[in-house]
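Trainee: I would like a close look at a single part of this protein. Could you take me through it step by step?

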Amino acid sequence: MDPERLVYPLMKYVVMGPAMRVAFLPRVSGVRHVPRTGPVIIAANHLAFLDSFAVPLILPRRVHFLGKHEYFTGAGMKGRATATFFRGVGAIAVDRSGGRAALDALDAAAAVLARGGVFAIHPEGTRSPDGRLYRGRTGVARLAMRTGAPVVPVGITGTDRVQPRGRAVPRPGRIGLRVGPPMDFRGRDEGVPRGKAARQVTDEIMEAIQALSGQEYVDDYAPRPTEPA
């Protein structure tokens, strides 16, 4: 059997899932809003590196997300083990350098949705530097309009306290996930310039995330971090 197929249930139900519930005592609400079948886009705010594991481990379906290409290209036994782990927990390798990075990411996400899977994205594009919610980038809207998949907004709280920027290992503390109702954006770009429609849809998604997270909103893009994300 492919070892990557064993990693997901092992991590979610035996190792990381139970450990997360003990260490972070997550308050979770609205999970019923995640459709049980079919393609789904999870759109969540981004406070810490931990978010990329909290969402897949807490939500009831297998969730895929983008991972840095470097996680999958390490040499030797350690490199192979790291790649197997990240693929097993749902990460998809995307090279974020070069002019095609955004298109490659969009294509990878669309492929997951075409198979009826769940894809998670942080519309801010990077972690919040100060706990506020920043303007969303339009990739989430373009993905929703391209695939017709519903967008389920998620508000994450507390992960920036248990894992402040620069801290590799989270410390114990309470986190929260609030899940909102699915949002349907099929046909929103009909008769409207695609760029304008993408901006409007993205703003609606960010408004829904803000209602769930309770964050102060900043109508500007979050600055990219200087240290690795």
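Trainee: At roughly what angle do the axes of helix H5 and helix H7 cross, and within what distance do they come?

Mentor: Happy to walk you through that! Keep in mind that this is a predicted model. Find helix H5 at residues 139-147 and helix H7 at residues 194-213: their axes come within 8 Å and cross at roughly 110 degrees. Angles of 65 to 115 degrees count as roughly perpendicular, so H5 is roughly perpendicular to H7.

Now look at the residues that make the contact. H5 contributes Val140, Ala141, Arg142 and Met145, while H7 contributes Arg194, Gly195, Ala197, Ala198, Val201, Thr202 and Ile205.

Next, let us turn to the cores. The largest nonpolar core has 32 residues, and Met20, Ile42, Val55, Leu59, Val154 and Leu177 have the most contacts inside it. Helix H2 gives this core its largest share, five residues. A second, separate core has 29 residues, including Val94, Ala110, Ile205 and Met206. You have already met Ile205, as one of the H7 residues in the contact with H5.

Finally, step back to the whole chain. There are seven helices and nine strands in it, and 46% of its 229 residues count as buried. A compact globule with 229 residues would have a radius of gyration near 17 Å, and the chain agrees with that, at 17 Å. Among contacts with a separation of 6 or more, 80% join residues 24 or more positions apart.

Conventions
Residues are numbered from 1 along each chain as its sequence is written. This is a predicted model: local features need pLDDT of at least 70, side-chain atom pairs count only at pLDDT 80 or more; totals for chains, interfaces and linings use all residues. Side-chain values use heavy atoms; hydrogens and water are left out. A nonpolar core is a set of buried Ala, Val, Leu, Ile, Met, Phe, Trp, Tyr and Cys residues joined through side-chain atoms within 4.5 Å. Buried means under 20% relative accessible area, exposed over 50%, partly exposed in between (1.4 Å probe, protein chains only). Helices (H or I, at least four residues) and strands (E, at least two) are DSSP runs, numbered from the N terminus. Axes are lines fitted to C-alpha atoms, for helices over the stretch in contact, and angles run from 0 to 180 degrees between N-to-C directions. Angles under 35 degrees count as roughly parallel, over 145 as roughly antiparallel, 65 to 115 as roughly perpendicular and the rest as oblique. Contact means heavy atoms within 4.5 Å. The radius of gyration is taken over C-alpha atoms; the globule rule is 2.2 Å times the number of residues to the power 0.38.
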